[in-house]
Amino acid sequence: MGSNPTLSASSSHIGQCLRMNNPLFVVQDQYLQDDAFAGLLQERGITMLREFLPYRPIAEQFWQQYVPEPLPQTVIVGLNPGRLGAGLTGIPLLDFRSLANLLPDTQLPRNETEPSANFFHRVVQNIGAEKFYREFYVSNVSAVGYVRDNKNCNYPDLPDAAQRIIEQRFLDEMAVLAPKRIIALGREVEATVQRLFSGGSVTISHLPHPSWIMTYRLREAQSWVRRYTQMLTQG
């Protein structure tokens with residue numbers, strides 16, 4: 001096993017370069033530094049998830065290993081990170097248990113898992129991780145997650161003013177990629193993407209959100225992994 005990357009100083013230069021060129025990290029940092037946005041949430045008893053930040057070196061390592069340059073122009077978009085998944089890893093739709101498979105030589109500090117990330121990782125494995133991330137850029141409408149009363153809170157439940165900030169930051173992230181195709185996970189995400197890209201310059205399609213599958217179609221999950229794989233690879 002390798003050394004814990006959260007304690008390694010050797011990757012600091014690489015990390016600085018990645019942060020300058022990584023649109024996801026840029027947007028995440030904008031959220032963390034926006035006290036006014038945090039105040040909008042606090043008025044409704046909502047807290048922004050910040051737990052991923054100490055593990056940023058792990059996300060940088062993942063990005064360096066799997067995400068190509070130039071970035072893919074087909075984007076898979078979810079809602080926002082969950083508190084046991086991307087809310088900890090900082091990597092959309094991946095939890096630490098999935099990362100243990102993707103970064104087998106890295107000693108990871110945590111082992112949390114969540115159903116959505118478990119499903120998504122099975123799809124990634126089915127396609128092949130290197131091939132998957134070469135073809136798909138994975139993100140969320142909101143680059144950070146939210147909790148209220150220690151439960152996940154999704155961006156459509158936030159105040160309107162907060163949602164407008166979220167949508168603008170998502171557009172800023174997408175402007176770096178100039179996507180040709182966006183695959184929305186869930187109807188709420190699809191509605192947001194359709195509205196934000198109403199000009200017709202981007203092809204938009206839809207897949208059920210992994211949380212819906214793992215909540216309402218759990219017994220059919222493996223069948224859905226195959227269907228996801230087929231729909232993604234057929235274009």
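Guide: Let's start with Glu135, which is partly exposed at 31% relative accessible area (buried is under 20%, exposed over 50%, partly exposed in between, for a 1.4 Å probe and protein chains only). Bear in mind that this is a predicted model, where local features need pLDDT of at least 70 and side-chain atom pairs 80 or more, while totals for chains, interfaces and linings use all residues. Numbering runs from 1 along each chain as its sequence is written, and side-chain values use heavy atoms, leaving out hydrogens and water.

The partner of Glu135 is Lys131, and their side chains meet in a salt bridge at 2.7 Å, N to O (a side-chain nitrogen of Lys or Arg within 4 Å of a carboxyl oxygen of Asp or Glu). Lys131 is partly exposed too, at 34%. Both residues sit in helix H8, residues 129–135, four residues apart, or about one turn of the helix (helices are DSSP runs of H or I with at least four residues, strands are E runs of at least two, numbered from the N terminus).

That's one of six salt bridges by this rule. Next, look at Glu167 and Arg195, whose closest N and O atoms are 2.7 Å apart in a salt bridge. Glu167 comes from helix H9 (residues 160–177) and Arg195 from helix H10, so here the bridge ties together parts that are 28 residues apart in sequence.

Arg187 counts as exposed at 57%, but Glu190 is buried at 15%.

The largest pocket has a volume of about 500 Å³. It has 23 lining residues, and Ser116, Asn152, Asn154, His209 and Ser211 are the closest to its centre. H10 turns up again here: along with helix H7 (115–127) and helix H11 (210–216), it gives two or more residues to that lining. By class, the pocket lining splits into nine nonpolar, 10 polar and four charged residues (nonpolar is Ala, Val, Leu, Ile, Met, Phe, Trp, Tyr, Cys and Pro; charged is Asp, Glu, Lys and Arg; the others, Gly among them, are polar).

On a 1 Å grid over the protein atoms alone, a pocket is an open set of points with protein on both sides within 12 Å along at least five of seven lines, a cavity is a set where a 1.4 Å probe fits but cannot get out, and lining residues have an atom within 4 Å of a point. Points join across faces, edges and corners, and volume is the space filled by probe spheres set on them.

As for cavities, the whole structure has two of 30 Å³ or more. About 120 Å³ lies in the largest, which has 13 lining residues, with Phe62, Trp63, Val67, Ile91 and Val138 nearest its centre. Helix H2 (23–32), helix H4 (56–66) and strand S3 (137–140) each supply at least two of the lining residues, and H4 gives the most, three. That lining has 12 nonpolar residues, one polar and no charged.

The second largest cavity is about 50 Å³. Its lining includes Leu24, Gln28, Ile91 and Ser139, and H2 and S3 are the elements that give it two or more residues. Six of the residues lining this second cavity are nonpolar, five polar and none charged.
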